[in-house]
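Hello,

Here is the structure you asked about. My notes on it follow below.

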Amino acid sequence: MWSFFHKLGSPPWLFGIAGSILRWLVPITLIALAVGICWGLLYTSPDFRQGNSYRIIYIHVPAAVVALAGYYVMAIAGAVSLIWRMKMADIAMKSCAPIGAALTFLALVTGSIWGKPTWGTWWVWDARVTSMLILLFLYLGVVALYEAFDNKAAASKACAVLSLVGTVNIPIIYKSVDWWYSLHQPATIKFTDESTIDPSMFYPLLLMIVAFYGLFTCAMLMNMRVEILARESRTKWVRKLVGG
Amino acid sequence: MSAPTTFRFCARLVRRQLVLAVRRPLEIGNPLLFFAMVVALFPLGLGPAPDQLARFAPGILWIIALLANLLSSDAVFRSDFDDGSLEQLLLAPQPLYAAALSYIFAHWLITGVLLALVSPLFAGMLGLPGNAMLTLALSLLLGSGVLSLIGGIGASLTVGLKRGGMLISLLILPFYMPVLIFGSAAVQAAVTGADAGPYLAILGAMLSLAIALAPLAIAAGLRISVDA
Amino acid sequence: MSSATAGETLLAAQSLSLERGGRQLFDGLSFAVRAGQLIQVDGANGAGKTSLLRILAGLSRYGFEGNITRQSSLLYLGHQAGVKQLLTPRENLAWHAAGEGEYANADIEQALAHVGLTGYEDVSSHTLSAGQHRRVNLARLYLSSSPLWLLDEPFAAIDQKGVAELERLMVKHVSAGGAVIITSHQSLQVSYPLSRLSLSAGLQ
């Protein structure tokens with residue numbers, strides 16, 4: 001167990017293992033994405049109320065789900081880096097933030113595109129949209145804080161603290177925004193009633209969510225490999241690797 | 001000669017911060033002046049119709065209070081960082097948790113409490129009904145405590161950076177949002193004659209949680225900033 | 001002044017290594033600081049003297065490898081004086097953020113007299129010069145009950161007479177069972193065995 005932990009702390013080992021995971025994870029993710037998109041867009045029946053426009057959920061929902069999960073991945077990596085002072089956890093945490101921000105942004109954009117035919121407007125201050133927007137701010141805060149520090153070791157620690165603060169706050173923010181929305185919109189129709197989703201629509205959605213998790217992991221591992229090379233650029237093994 | 005107990009040390013820090021603030025009265029006056037000036041902006045932007053201003057008053061007052069608090073948080077640890085006092089604070093034998101809480105407490109007394117006390121005046125200028133004044137002051141009193149604690153987290157993380165001013169808003173504004181929601185809802189409830197108690201209770205719960213957890217984050221942030 | 005008995009280890013460092021900007025400042029540095037030792041850290045500008053002192057004090061917690069065990073309370077004086085412009089020297093010492101002790105007024109006056117600030121006790125510090133700020137900070141040494149002192153360039157902006165006074169104080173402190181680690185570009189004129197800490201070779 002401990003030797004595994006020590007290996008995790010070793011940059012060349014992590015660089016290598018991330019490389020070999022990517023070798024099979026990238027093809028699997030791509031296949032899952034392709035199958036999921038074709039299945040969702042071509043082979044499911046249109047929704048009786050929303051017609052074909054609902055099909056954007058095959059992008060929107062996975063992006064939103066993984067964006068939120070990504071914040072917790074980031075915070076856990078941050079906690080590991082603070083508690084066990086593991087440099088590689090720093091790198092994992094730092095690599096999550098831009099991907100999470102991109103997925104949150106994707107969820108907001110697809111939600112907005114979906115909103116136009118459904119609600120007749122590009123933007124509504126609905127509880128979920130508002131919460132996603134705040135999540136985007138939280139991610140951008142972490143990215144901005146990291147960039148503001150010259151000392152990257154300190155930057156990682158500061159971002160770890162910030163993401164842990166965020167972890168405590170996200171449930172509070174979500175509950176507050178939910179409550180705020182219900183106060184100001186007492187009797188609106190729920191547009192996305194997921195409990196009644198048809199199984200024929202649900203299975204491709206599930207596949208897409210899994211594929212997005214794969215996508216997140218791939219992007220994170222690639223990001224980590226770049227960051228490892230950048231931080232270790234002076235060491236022998238990197239010089240040997242790049243043939244310099 | 002032994003080191004003072006944590007409580008006595010904290011009392012000393014609070015007193016020191018208050019004396020420092022009193023000797024630079026502008027620091028105390030600035031948030032209040034800011035509050036007054038932004039209140040004056042809203043009739044200019046929205047038009048002077050009293051019923052419209054009164055309708056938006058709870059939200060307006062809370063947003064201004066929040067911004068006033070935000071702008072003053074940046075300075076909580078900055079002068080101590082610049083002159084080296086912060087290093088000495090980190091080396092003190094007393095727990096940093098308690099020291100951080102004392103700094104925030106002093107900041108809250110100077111900004112939050114004063115804002116809460118003068119808020120009825122500006123609320124009157126915006127036409128907020130008299131029956132909501134007490135709720136406004138109470139909600140600001142509780143809410144600004146949370147704001148100061150969260151602001152302290154941002155301040156501790158950015159104190160070592162030369163240009164932390166704008167960054168701190170980006171970091172902590174998302175965490176201010178729940179306070180804004182319940183703070184303005186409390187005032188809104190009081191305006192409509194409903195019971196504002198539950199909202200104030202939620203603000204109190206947020207304050208309790210923030211008192212328990214925020215100083216931990218502030219202490220960690222200060223150690224990181226001094227180390228960098 | 002101090003309660004430590006002679007020879008007792010106040011601080012031990014095991015295999016400290018520090019790398020800054022791709023340069024190895026020190027590697028595998030181990031030493032123990034005992035009561036009664038007066039230690040000067042050797043090294044050129046940028047050699048890592050200040051970094052070492054900050055690591056020993058516990059201000060640097062990340063970015064270095066190795067272990068520090070501290071057996072006693074310590075007093076650290078860094079480059080910045082830690083003096084608040086808006087407080088008087090008396091208030092600065094009485095309400096100091098280091099939380100070391102609660103000092104009686106007479107003790108504070110005596111300490112300020114030692115550093116040549118008699119008559120300045122109750123003037124606002126922003127009217128004092130940079131050297132006087134440093135003296136206010138040095139007055140803490142007269143009040144301190146910590147056995148271990150870590151002094152980073154304490155002679156900067158201090159005149160000759162002040163330097164001699166400070167050297168006498170350090171000798172008195174180590175003779176009474178304390179220990180001092182000091183960085184300075186001046187060589188110390190003390191009538192006490194001076195140990196030297198080299199960042200490459202350790203304690204000699």
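**Strands in chain C**

In chain C, strand β1 and strand β4 (residues 64-70) run antiparallel and are joined by six bridges. Within this pairing, Leu18(C) has Phe64(C) of β4(C) as its bridge partner. Please keep in mind that the model is predicted.

Strand β1 (residues 9-20) of chain C also pairs with strand β2 (residues 23-34) of chain C, again in the antiparallel sense, over eight bridges. Here Thr9(C) stands opposite Arg34(C) of β2(C). β1(C) and β2(C) form a hairpin, and two residues lie between them. Gly21(C), in the turn, has a positive phi of about 55°.

**Chain A**

Chain A is built from helices: there are eight of them and zero strands. Of its 244 residues, 35% count as buried. Among the contacts in chain A with a separation of 6 or more, 79% are between residues 24 or more positions apart.

**Where chain B touches chain A**

How many residues of chain B are in contact with chain A? The number is 20, and they are in contact with 23 residues of chain A. On the side of chain B that touches chain A, α7 (133-158), α8 (165-191) and α9 (197-227) of chain B each supply at least two residues. Of the elements of chain B, α8(B) gives the most to this side, with 10 residues. By type, the residues on this side of chain B divide into 18 nonpolar, one polar and one charged.

Regards

Notes. Residues numbered from 1 in each chain as written. Chains lettered and ligands numbered in written order. Predicted model: local features only at pLDDT ≥ 70, side-chain atom pairs only at ≥ 80, totals over all residues. Helix = DSSP H or I, 4+ residues; strand = E, 2+ residues; numbered from the N terminus. Buried ≥ 20, exposed ≤ 12 C-beta atoms within 10 Å, placed from the backbone. Contact = placed C-beta atoms within 7 Å. Nonpolar A, V, L, I, M, F, W, Y, C, P; charged D, E, K, R; others polar. Pairing = 2+ DSSP bridges.
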